Amino acid sequence: MAGANDSGRQAAHLIHNLQDINFLKIALIVSGTAVAIVVIRRSLPFLAERGPNRLRLFLLGAVPILRLALLAFAILWLIPIVFNVTFQNFLVIMGAASLAIGFAFKDYVSSLIAGIVAIFERPYRPGDWVKLGDTYGEVLSVGLRAVRINTPDDNVVTAPHDTLWNSNIANANDGSRTLMCVANFYVAPAHDAQKVRAALHEVALTSAYLEYDKPIVVVLSETPWGTHYKLRAYPFDMRDQFLFISDMTVRGKAAITALGARAASVPAGMAAPPSP
């Protein structure tokens with residue numbers, strides 16, 4: 001009975017009396033923060049899609065940072081309105097929060113912490129092209145709990161941030177406005193490699209999707225069934241990466257055929273070399 005009374009007095013001291021809490025002020029803070037977040041989430045991507053490519057990545061990357069800052073500001077504003085802030089009460093709140101996290105919200109809080117880490121370390125940001133597990137696509141948004149990715153097949157995948165703790169994350173552009181694309185060709189051994197290499201370089205150079213400030217590289221390696229060419233180049237807009245690869249592949253095959261070379265195929269039972 002004494003313990004219950006102590007707990008009741010502790011709770012009474014922890015939280016202000018209801019008649020002393022300004023609920024109107026709380027409602028205004030919560031609604032104002034929600035409206036500000038919605039405005040940021042809609043206006044910055046809207047401006048990003050209509051601005052220059054460099055400005056696009058900057059605006060998209062600012063969305064999660066501004067949202068986190070607004071949430072932190074609102075929480076710090078609300079705490080003294082509801083709670084009687086003292087060092088003793090802080091310890092009580094932290095103890096209760098630790099129990100709740102340990103028993104019920106461990107995975108959820110792990111994703112939230114990973115989300116905060118992701119916002120500051122920036123392993124991915126809106127506009128980046130990343131691979132998480134088996135999912136490759138463009139980052140649409142970085143929330144506090146999860147990241148939303150739009151795949152090339154136009155499927156939106158939501159992945160929790162705690163993937164950071166135990167998986168590698170491949171970022172194809174890492175904040176840059178373009179990324180490397182690779183077109184693969186397999187040619188039978190009997191051909192002039194110098195001419196084929198020059199022809200593939202010309203294919204990339206004359207593509208309508210090419211970023212001219214980036215290098216074009218053609219590398220080759222010998223395999224048991226033929227020569228493997230990799231044509232590496234950068235598109236002007238990374239959202240055109242698949243069109244760029246298709247364009248280089250179609251015209252590259254035509255250029256190789258025009259030189260009298262014959263395409264090689266991987267023999268049955270043998271695995272093709274991994275793509276870079």
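The model is predicted, so local features require pLDDT of at least 70 and side-chain atom pairs count only at pLDDT 80 or more, while totals for chains, interfaces and linings use all residues. Residues are numbered from 1 along each chain as its sequence is written, and side-chain values use heavy atoms, with hydrogens and water left out.

The secondary structure comprises eight helices and eight strands. Helices (H or I, at least four residues) and strands (E, at least two) are DSSP runs, numbered from the N terminus. The chain has 276 residues, and 35% of them count as buried. Buried means under 20% relative accessible area, exposed means over 50%, and partly exposed lies in between (1.4 Å probe, protein chains only). The chain exposes about 16400 Å². Carbon and sulfur atoms supply 63% of that area. Accessible areas come from the Shrake-Rupley method with a 1.4 Å probe; for residues, only the protein chains shown count as cover. Among contacts between residues at least 6 apart in sequence, 66% join residues at least 24 apart. Contact means heavy atoms within 4.5 Å.

Helix H2 spans residues 23–50. Its 28 residues reach 41 Å from the first C-alpha to the last, close to the 40 Å expected at 1.5 Å a residue. The expected span is 1.5 Å times one less than the number of residues. The buried residues of H2 are Ile26, Ile29, Thr33, Ile37, Ile40, Leu44 and Ala48. At the start of H2, a side-chain oxygen of Asn22 comes to within 3.3 Å of the backbone nitrogen of Leu24. This is a polar contact, defined as a pair of N or O atoms within 3.5 Å; within protein, one must be able to donate a hydrogen and the other to accept it, and residues adjacent in sequence count only if both atoms are side-chain atoms.

Strands E2, E3 and E4 are linked by antiparallel pairing. Two strands pair if DSSP finds at least two bridges between them. Strand E2 (residues 135–142) pairs with E3 over four bridges. Val139 stands opposite Ile149 in E3. E2 and E3 form a hairpin with three residues between them. E3 pairs with E4 over five bridges, and Ala146 stands opposite Pro160 in E4. Strand E3 is mostly covered, with four of its five residues buried.

The hairpin of E3 and E4 has five residues between the strands. Asp154 lies in this loop, between strand E3 (146–150) and strand E4 (156–160). Its phi is near 65 degrees, a positive value in a residue other than glycine. Most residues other than glycine have a negative phi. Asp154 is exposed, at a relative accessible area of 57%. Asp174 also has a positive phi, near 50 degrees. Asp174 is located in the loop between strand E5 (169–171) and strand E6 (181–187). This residue is partly exposed, at 46% relative accessible area.

Leu179 is found in the loop between E5 and E6. Leu179 is buried, with a relative accessible area of 2%. Not counting residues up to four places away in sequence, Leu179 touches Trp129, Tyr136, Ala172, Asn173, Ala233, Tyr234, Pro235, Met238 and Gln241. Leu179 and Asp128 are 51 residues apart in sequence but 9.6 Å apart in space, C-alpha to C-alpha.

E7 and strand E8 (residues 226–233) pair over seven bridges. Val219 stands opposite Lys230 in E8.

Asp237 lies in the loop between E8 and H8. Asp237 is buried, with a relative accessible area of 17%. The side chain of Asp237 reaches the backbone nitrogen of Arg239 at 3.0 Å.
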